[in-house]
Amino acid sequence: MAEKQVGTWAVKVGLAQMLKGGVIMDVTTAEQAKIAEDAGACAVMALERVPADIRREGGVARMADPTKIIEIMEAVTIPVMAKARIGHFVEAQVLEALGVDYIDESEVLTPADEENHIDKHNFKVPFVCGCRNLGEALRRIGEGAAMIRTKGEAGTGDVVEAVRHARTVMGEIRRIQNMRPDELMRVAKELGAPYELLKETAELGRMPVVNFAAGGIATPADAALMMQLGVDGVFVGSGIFKSDDPAIRAKAIVEATTHYDDPEIIAKVSRGLGQPMSGLAARTIPEKEQLAVRGW
Amino acid sequence: MKIGVLALQGAFIEHIKVLRSLDVEPVEVRKPEQLRDLDGLIIPGGESTTFGKLAVEYDLIEPIRAMCEQGKPVWGTCAGMIFLAKDVGRAQPLIGVMDVRVKRNAFGRQVDSFEADLDIPALEPRAPFHAIFIRAPFIESVGKGVEVLAKLDNGTIVAARQKNLLATSFHPELTNDARFHRYFLERVKKNG
């Protein structure tokens with residue numbers, strides 16, 4: 001048998017493939033992580049404050065305390081992701097040293113670099129990054145992201161931006177599918193996307209990595225909506241632990257994600273969940289307070 | 001030939017693509033009625049705890065167990081292998097039909113996920129099989145009647161068969177090598 005190879009592109013992309021059809025939940029404590037796992041989450045995202053609190057409290061949002069991350073890793077058997085600030089490659093090094101399973105280079109935290117994202121090829125641990133459109137997604141993949149999520153507008157409980165970003169990405173993929181190579185080069189220029197990745201996306205009819213939806217998903221129907229729009233799975237941040245009954249809502253969102261094209265099941269699981277997070281209409285947020293515009 | 005792929009969560013589309021490349025049109029299984037008339041079933045990789053919750057909630061455990069007991073070929077990859085095992089060292093919902101003890105996340109966390117070439121004598125033509133292991137389990141011990149199909153160099157068991165039941169720690173659906181899927185389909189044909 002040949003030598004074992006670790007940290008390869010296939011194993012980075014492969015873990016994301018194993019997460020498909022699932023729900024990744026934001027958690028801030030080991031206890032919340034257990035609730036998420038018991039509800040059927042396929043992974044958890046460890047962070048210090050959920051996006052709704054970051055938005056409300058302001059200040060600089062950073063990587064979570066390593067003690068917290070380790071407690072969460074010890075509490076569950078499912079993969080544990082954690083967030084690093086955009087461009088903060090030392091936070092990413094720390095998260096890799098802690099042994100987290102995926103790093104989210106996230107606009108939800110305060111960016112550490114307004115020009116450059118992390119060179120993600122340099123790590124053994126895989127990265128997921130946010131995008132609002134195909135060009136942004138392919139730039140991140142070019143830097144080594146092994147998974148993409150559409151950004152939406154985190155901490156709002158308003159799904160409108162998640163829908164906008166998913167529709168934009170899917171629409172752009174449909175548009176490039178019948179293009180000639182010379183036209184693709186022009187589009188690569190327009191979108192600011194690496195040409196080879198754009199060509200690969202056109203040939204596959206999808207991005208070359210798994211694509212989840214994030215930012216504003218608060219109900220089972222929201223999750224199923226994103227799945228029917230063609231994403232591979234969903235991230236739910238504030239939507240669970242800012243609602244009345246997190247355990248029941250989390251389980252309902254998991255079931256609606258699996259049975260996303262079965263309205264009877266979505267209707268059944270949507271009953272008696274208590275109040276969702278109160279929410280904030282994304283349209284009312286001034287641009288400088290929007291999280292999705294962070295990164296490029 | 002009617003093959004089902006359990007589609008509760010995980011890498012089920014990857015299995016479906018390989019089966020289609022072998023001219024088999026599989027059925028996605030999320031509810032018990034979708035198991036009816038199947039000649040074989042694949043349980044994909046994903047999170048075994050997630051499958052477990054959903055399989056209990058949607059009454060899939062008993063009918064899948066019945067299929068295994070009727071002698072229909074059932075193949076579990078990674079989380080699917082955990083799901084088939086009798087013993088995984090902790091309490092979680094399982095089909096629990098294969099006489100093996102499986103250790104979850106046995107190689108470590110994601111940074112320990114790896115690729116390696118395996119010698120699998122059961123596959124034809126015989127040539128190294130490039131295997132991808134992702135937060136993978138392995139088989140700690142096997143009961144009577146379980147045949148070991150593949151081991152790592154250090155003797156770790158990563159594939160096994162017990163009559164109609166097949167289990168692999170790794171993901172043949174993530175490579176372009178369809179030999180393992182052909183091996184499974186052969187067993188379905190023989191069983192029919």
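Good morning. By helix I mean a DSSP run of H or I of at least four residues, and elements are numbered from the N terminus. The model I am presenting is predicted.

I begin with a single residue in chain B. Met67(B) sits in helix α3, which covers residues 61–69 of chain B. Is Met67(B) buried or exposed? With a relative accessible area of 5%, Met67(B) is buried, because that value falls under 20%. Once neighbours within four places in sequence are set aside, the contacts of Met67(B) are Leu35(B), Leu38(B), Gly40(B), Leu41(B), Lys72(B) and Asn164(B). As a further distance, 17 Å separates the C-alpha atoms of Met67(B) and Pro93(B), and these two residues are 26 residues apart along the chain.

Strand β10 (residues 147–151) and strand β11 (residues 157–162) of chain B run antiparallel and are joined by four bridges. Within this pairing, Ala150(B) is placed opposite Ala159(B) of β11(B). The two strands form a hairpin, with five residues between β10(B) and β11(B). In the turn, Gly155(B) has a positive phi of about 95 degrees.

Next, a helix of chain A. How many of the nine residues of α6(A) are buried? Eight are, and the helix, residues 134–142 of chain A, is mostly covered. The buried residues are Leu134(A), Gly135(A), Glu136(A), Ala137(A), Leu138(A), Arg139(A), Arg140(A) and Ile141(A). The cover over them includes the chain A helices α1 (9–19), α7 (160–176), α8 (181–191) and α9 (195–204), together with the chain A strands β6 (127–131) and β7 (147–150). Just after the helix, Gly144(A) adopts a positive phi of about 115 degrees.

I now come to the interface between the two chains. Chain A contributes 45 residues to the contact and chain B contributes 42. The size of an interface is often given as the accessible area lost when the parts come together. Here the buried area is about 3,500 Å², and carbon and sulfur atoms give 54% of that area. Between residues at pLDDT 80 or more, 23 residue pairs are in polar contact across the interface. On the chain B side, α1 (12–21), α2 (48–57), β7 and β8 each supply at least two of the residues that touch chain A. That side of chain B comprises 16 nonpolar, 11 polar and 15 charged residues.

One sheet also spans the two chains. It is open, has three strands in the order β1(A)-β7(B)-β8(B), and its pairing is antiparallel. Its edge strands, β1 (5–6) of chain A and β8 (129–133) of chain B, each pair on one side only. Strand β7 of chain B, residues 114–118, is joined to β1(A) by two bridges. Which residue of β7(B) is the bridge partner of Gln5(A)? The partner is Glu115(B).

Finally, the salt bridges. Over all chains, the structure holds 35 of them, and the count between chain A and chain B is five. In one salt bridge, the side chains of Lys20(A) and Glu14(B) meet at 2.6 Å, N to O. In another, Asp101(A) and Arg109(B) meet at 2.7 Å, N to O. Why does this second pair join two chains? Asp101(A) belongs to the loop between α5 (89–98) and β5 (102–106) of chain A, whereas Arg109(B) belongs to the loop between β6 (98–103) and β7 of chain B, so the pair joins two chains. Asp101(A) is buried, at a relative accessible area of 0%, while Arg109(B) is partly exposed, at 21%.

Within chain A, a network of salt bridges that share partners links Arg49(A), Asp53(A), Arg56(A), Glu57(A) and Lys242(A). Arg56(A) is exposed, at 62% relative accessibility, and Glu57(A) is partly exposed, at 47%. A further salt bridge of chain A brings the side chains of Arg85(A) and Glu91(A) together at 2.8 Å, N to O. Both Arg85(A) and Glu91(A) are buried. Thank you for your attention.

Key:
Residues numbered from 1 in each chain as written. Chains lettered and ligands numbered in written order. Predicted model: local features only at pLDDT ≥ 70, side-chain atom pairs only at ≥ 80, totals over all residues. Heavy atoms only, no water. Pairing = 2+ DSSP bridges. Contact = heavy atoms within 4.5 Å. Buried area = accessible area lost by both parts, 1.4 Å probe. Salt bridge = Lys/Arg side-chain N within 4 Å of Asp/Glu carboxyl O. Polar contact = N/O pair within 3.5 Å; in protein donor to acceptor, adjacent residues only side chain to side chain. Nonpolar A, V, L, I, M, F, W, Y, C, P; charged D, E, K, R; others polar. Buried < 20%, exposed > 50% of the residue type's maximum accessible area, 1.4 Å probe, protein only.
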